[in-house]
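Hi,

Here's the structure I said I'd pass on.

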Amino acid sequence: MIPAVLICDDSNLARKQMARCLPDSWQSAIHFAAHGAEALQVIKSNSIDLLFLDLNMPVLDGYQVLSALKEMHSTIRVIVVSGDVQPEAYERVMQLGAADFVKKPVDANKIAPLLDTVASERKSMPEAKVSVQPLQQTVEVDAELRDVFQELTNVAMGQAGDLLARLLNVFVKLPIPNVNLIEVSELHMALASVEEESSTSAVCQGFIGGGVSGEALLILTDSSFKDIARLMNYHGKLTHQVELELLMDIANILIGSVLKGLAEQLDMSFSQGHPVVLGQHAAVSELIKANSGRWRKTLAIEISYGIENYNIMCDLLLLFTEDSLKTLKHKVAFLLED
């Protein structure tokens, strides 16, 4: 008997990629959900056997869905599919009842053994008709661009978060990336997670490769330095120079990892320039105003990192040049091909 499958992910691209990993004979029994609340509604209305569940989603995230299923005493086999590959993320989902954890981007060869297990469990069960819900399609190019880059960034930031988590032995809180085409005058609006009254320090690093170029801007709230120093086992006085070194260390980890993750998924390679300090102990608006000549209209991807139980918050903003959009759209078209 064909198992009823639910794929829950806020990315249209991720849902498509996951569906392609399933056997052709299963395609008629696939349901889709764009967030956790929608997934729970599908589960209440249909008999679902297998749930592929993303973690970072709006409305209800994957952790909340797992908690809800646990309270419902659900027998649905849940396989978490996420770019958040921190060891603690794995431990948390397994404690909440997940059957397995698959790293994004999905590898069909690694999914196959899991599907064989599910299929074998269903052989002795009577045939049942399952309603089919069509895969949601985006029609606007800009919407597709945002969706794809949100998913690509989700994977890349997960890799960066994992590296940071292992280095500092912490749990990194990963957000849903924010992707927008904006004017430079609106840059400060893209950094809504950074309070206006907060004093910040920032580093910028250019990157280029394969017809795509831009700059990565890392903004760290100054209140984070104390905990960062403690986690990196620095116990001396926090001088201006020490804070600069800590800022550079965090920037190297996050910028390098995220760009590497994006480049691998886009089948590209980026060369990175030397990091430039935009300012220390200044408001975000002042940093952007002082450096506004660097950017015009840009595709901006914002990632806000936080560390659980520590007063550490930083924003990573990837600013792609307007000239890069043509190449990026070609890449998106290739990734969305059926």
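Below is what I found, starting with the overall picture and then going through a few spots in turn.

Before anything else: this is a predicted model, so local features need pLDDT of at least 70 and side-chain atom pairs count only at pLDDT 80 or more, while totals for chains, interfaces and linings use all residues. Residues are numbered from 1 along each chain as its sequence is written, and side-chain values use heavy atoms, with hydrogens and water left out.

**The overall picture**

The protein chain has 11 helices and 13 strands. Both are DSSP runs numbered from the N terminus: helices are H or I with at least four residues, strands are E with at least two. Of the 338 residues in the protein chain, 53% are buried. Buried means under 20% relative accessible area, exposed means over 50%, and partly exposed is in between (1.4 Å probe, protein chains only). Now take the contacts (heavy atoms within 4.5 Å) between residues at least 6 apart in sequence: 73% of them join residues at least 24 apart.

**The phenylalanines**

Rings of Phe, Tyr and Trp (its six-membered ring) pair if their centres lie within 6.5 Å; planes under 30 degrees apart count as stacked, over 60 as edge-to-face and the rest as tilted. By that rule there are 4 aromatic pairs. Take Phe149 and Phe320: their ring centres are 5.9 Å apart and their planes are at 70°, so this pair is edge-to-face. Phe149 is in helix H6 (residues 141-168) and Phe320 is in strand E13 (residues 313-321), so the pair ties together parts that are 171 residues apart in sequence. Both Phe149 and Phe320 are buried.

Phe320 also forms an edge-to-face pair with Phe207, at 5.4 Å centre to centre and 75° between the planes. This pair links distant parts of the chain too: Phe207 is in strand E8 (residues 200-209) and Phe320 in strand E13, 113 residues apart. Why does Phe207 count as buried? Because its relative accessible area is 3%. For Phe320 the value is 1%, so that residue counts as buried as well. Phe149, Phe207, Phe270 and Phe320 form one aromatic cluster.

Gln272 sits in strand E10 (residues 271-272). Its relative accessibility is 39%, so Gln272 counts as partly exposed. Leaving out residues up to four places away in sequence, Gln272 touches Gln205, Gly206, Phe207, Ile255, Gly256 and Leu259.

**Helices side by side**

Two packed helices are described by the angle between their axes and the distance between the axes. Axes here are lines fitted to C-alpha atoms, for helices over the stretch in contact, and angles run from 0 to 180 degrees between N-to-C directions. Angles under 35 degrees count as roughly parallel, over 145 as roughly antiparallel, 65 to 115 as roughly perpendicular and the rest as oblique.

The axes of helix H2 (residues 36-45) and helix H3 (residues 62-71) come within 9 Å and cross at roughly 30°. H2 and H3 are therefore roughly parallel to each other. Where do H2 and H3 meet? Gly36, Leu40 and Ile43 in H2 meet Val65, Ala68 and Leu69 in H3.

H3 also packs with helix H4 (residues 87-95), at an angle of about 20° and with the axes 9 Å apart. H3 and H4 are therefore roughly parallel to each other, too. Here Tyr63, Leu66 and Lys70 in H3 meet Ala89, Arg92, Val93 and Gln95 in H4. Keep an eye on Arg92, as its charged end sits over the ring of Phe171, 3.9 Å from the ring centre. A charge sits over a ring if NZ of Lys or CZ of Arg is within 6 Å of the ring centre and within 35 degrees of the ring normal.

**Backbone spots in the loops**

The peptide bond from Lys104 to Pro105 is cis, with omega near -10°. Pro105 is in the loop between strand E5 (100-103) and helix H5 (108-122).

Asn169 has a phi near 60°, a positive value in a residue other than glycine. Asn169 lies in the loop between H6 and strand E6 (172-173), and with 70% relative accessibility it counts as exposed. Asp267 also has a positive phi, near 55°. Asp267 is in the loop between helix H9 (240-265) and E10, and its relative accessible area of 69% makes it exposed.

Cheers
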